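Me: I would like to go through the terms used for this model one by one, and to see for each how the value leads to the word.

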Amino acid sequence: MLVDRYGRVATDLRVSLTDRCNLRCTYCMPENGLAWLPGPDVLTDDEVVRLVRIAVERLGINEVRFTGGEPLLRRGLVDIVAACAALEPRPDLSLTTNAVGLARIAAALAAAGLDRVNGSLDTLRADRFEQLTRRKRLDDVLAGLAAADAAGLSPVKVNAVLMRDVNDDEAVDLLGWALGNGYELRFIEQMPLDAQHGWDRARMVTAGDILAALQRHYHLTPEASDHRGSAPAERWLVDGGPARVGIIASVTRPFCGTCDRTRLTADGQVRTCLFAREESDLRGAMRAGASDDELAQRWTTAMAGKAAGHGIDDPGFLQPDRPMSAIGG
Ligand code: SAM
Ligand code: SF4
């Protein structure tokens, strides 16, 4: 098992499949993109599957989420999903995606064994979408989410980040749209993980702000806390349910004490936290001939050093060197 010194057990693995992306969300990437990882540094499909297999077979991982960058840009995605779906015990498999191009591949992903999709969408207005992502792809995203739903990759969850004076007036509209489509909406507080270091605590839209805006239009009842477990989203039943809305308040209501995650970057580094400042190199060890046992041991050792919390509120807080897109959100 992957246990840290505070007794937390990681059972949920986030695998970044690429640091590249076809959007340029302002809270994530600069307009001209970033210096991408060199091709040879990126794990091959077989290397990804081997590390996931070790995590599932030897380390107790039962949930695997593929992310990026934009994971749909990874050519071998369907094959990677199929190989992971064949593992024993079979892990729960999901994908976090901006949904651009998802319409074309949703059915193939479902057939390969993907269980669910989390799409990201911060605005329903085409002009704002272009301003926020620096690309004109709103229709593509909407079609992608609909295709995921139609392919049975449901419940489709939609992540939205609100920013002050950009889209913070859309909380109610986004929820109405999600309810109308049968999607589960989750708002995520903006975190200091952008390459441009543009995050400003004083200007961030907090969980409290979002809740207050939603409550002006909807009756929200907190879901019983035993439903939350280690899930980062706090959830509310909307107008008595069964529809729900979630808020992931990583900044103002951190959930580090119940964190059950471990992360693998596209270049084969284990990270114990989004905000970790240290990584453990599995790619180098693997390419130098390490056995499955040795790789599992390295992962276990890395996990033991997981910090108690992300430390965003500590006076000495330093953003990690890698931005979100290169860690895997
Ligand atoms: N490209 C895919 C997507 O957008 O869903 C997967 C990677 S993206 C980094 C994963 C999630 O992180 C998205 O929902 C995105 O909105 C969120 N995200 C990116 N930067 C963030 C930030 N600085 N604070 C909070 N969430 C962020
Ligand atoms: Fe790309 Fe996702 Fe970052 Fe937007 S949030 S730039 S879609 S990686």
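**From values to terms**

Reply: α2 passes α3 in a right-handed crossing, the term for a near helix turned clockwise from the far one by less than a right angle, anticlockwise being left-handed. The model is predicted, so local features need pLDDT of at least 70 and side-chain atom pairs pLDDT 80 or more, while totals for chains, interfaces and linings use all residues. Residues are numbered from 1 along each chain as written, chains are lettered from A and ligands numbered from 1 in the order written, and side-chain values use heavy atoms, without hydrogens and water.

Me: Why is α2 called roughly parallel to α3?

Reply: Helix α2 (residues 77–85) and helix α3 (residues 102–112) pack at about 20°, with their axes 8 Å apart. Angles under 35 degrees count as roughly parallel, over 145 as roughly antiparallel, 65 to 115 as roughly perpendicular and the rest as oblique, and α2 is therefore roughly parallel to α3.

Me: What makes α1 and α2 roughly parallel to each other?

Reply: The axes of helix α1 (residues 45–58) and α2 cross at roughly 25° and come within 10 Å, so by that angle the two are roughly parallel. The crossing of α1 and α2 is right-handed.

Me: Why is the pair of Trp177 and Tyr183 called edge-to-face?

Reply: Rings of Phe, Tyr and Trp (its six-membered ring) pair if their centres lie within 6.5 Å, and planes under 30 degrees apart count as stacked, over 60 as edge-to-face and the rest as tilted. The structure holds one aromatic pair; in it, Trp177 and Tyr183 lie 5.4 Å centre to centre with 70° between the planes, which is edge-to-face.

Me: How do you know whether Ala99 is buried or exposed?

Reply: Buried means under 20% relative accessible area, exposed over 50%, and partly exposed in between (1.4 Å probe, protein chains only). Ala99 has a relative accessible area of 0%, and is therefore buried. Ala99 is found in the loop between β5 (92–97) and α3, and its phi is near 75°, a positive value in a residue other than glycine.

Technical notes:
Axes fitted to C-alpha atoms, helices over the stretch in contact; angles between N-to-C directions. Helix = DSSP H or I, 4+ residues; strand = E, 2+ residues; numbered from the N terminus.
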